Amino acid sequence: MDIVKICGIAVLCAVIGAVLGRALGGTATALKLAGLCMILGGAVALTGDIARQTSMIFGMEHAAEYVSVMTKALGITVLCRICSDVCRDCGDATLASGVESAGKLTLVLLALPMISRLAEHAVSLSEGFS
């Protein structure tokens, strides 16, 4: 998943930034800004997937089971929380916020197939009453 890459970039930038920050302050800031740009780029890429799945909501068949979606959502939430906490512990709240935002977009993307199934079910129920 893209969120794993985003978290890896954030942790790497935070750790390297913390090490370089003691020796070369300006270089660490530049590294952190570059990391944040990569994270935001990954988050923007997620929005394209959200738009594609939203446009297909009423044309899709039944997708994965609810338990699978909930398990993935839990894993994403835990991963993002740990990663953002590591970034904050290294003194970089900006990277932590970027990871949290990317995690939230990933959860939206994960929930869209379930929303699609619910919409299809609602449509089929309403057709039965007409």
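Q: Is Cys 83 buried or exposed, going by its relative accessibility?
A: Cys 83 has a relative accessibility of 3%. The model is predicted, and this value is computed from it. The cut-off for burial is under 20%. Cys 83 therefore counts as buried.

Q: How many disulfides does the count come to?
A: A disulfide needs two cysteine sulfur atoms within 2.5 Å. Cys 7 is in none, and its nearest cysteine sulfur, in Cys 83, is 3.9 Å away. That is too far for a bond. The count of disulfides is 0.

Q: What is the relative accessible area of Cys 7?
A: Cys 7 is listed with the buried residues of helix 1. The cut-off is under 20%. Cys 7 falls under it because its relative accessible area is 3%.

Q: Which residues of helix 1 are buried?
A: Helix 1 covers residues 2-23. Burial here means under 20% relative accessible area. The buried residues are Ile 3, Ile 6, Cys 7, Ala 10, Cys 13, Ala 14 and Gly 17.

Q: How far apart are the end C-alpha atoms of helix 1?
A: Helix 1 has 22 residues.

Q: How far is the C-alpha atom of Gly 98 from that of Cys 7?
A: Gly 98 lies in helix 4. Gly 98 is buried, because its relative accessible area is 7%. Along the chain, Gly 98 and Cys 7 are 91 residues apart. Their C-alpha atoms are separated by 9.3 Å.

Q: Which residues does Ser 84 touch, leaving out those up to four places away in sequence?
A: Ser 84 sits in helix 3, residues 66-89. At 0% relative accessibility, Ser 84 counts as buried. A contact requires heavy atoms within 4.5 Å. The residues touched are Ala 96, Val 99 and Glu 100.

Q: At the start of helix 4, which residue's backbone nitrogen does a side-chain oxygen of Asp 92 reach?
A: Helix 4 runs over residues 93-128. The side-chain oxygen of Asp 92 comes to within 3.2 Å of the nitrogen. The cut-off for a polar contact is 3.5 Å. The nitrogen belongs to Thr 94.

Q: What pattern does the protein chain follow along the sequence?
A: The secondary structure has 4 helices. Strands number 0. The pattern is α-α-α-α.

Q: What share of the contacts with a separation of 6 or more comes from residues 24 or more positions apart?
A: The chain has 130 residues, and 31% of them count as buried. Its accessible surface is about 7700 Å², with 71% belonging to carbon and sulfur atoms. For the contacts asked about, the share is 81%.

Conventions
Residues are numbered from 1 along each chain as its sequence is written. This is a predicted model: local features need pLDDT of at least 70, side-chain atom pairs count only at pLDDT 80 or more; totals for chains, interfaces and linings use all residues. Side-chain values use heavy atoms; hydrogens and water are left out. Helices (H or I, at least four residues) and strands (E, at least two) are DSSP runs, numbered from the N terminus. The expected span of a helix is 1.5 Å times one less than its number of residues. A polar contact is a pair of N or O atoms within 3.5 Å; within protein, one must be able to donate a hydrogen and the other to accept it, and residues adjacent in sequence count only if both atoms are side-chain atoms. Buried means under 20% relative accessible area, exposed over 50%, partly exposed in between (1.4 Å probe, protein chains only). Accessible areas come from the Shrake-Rupley method with a 1.4 Å probe; for residues, only the protein chains shown count as cover.
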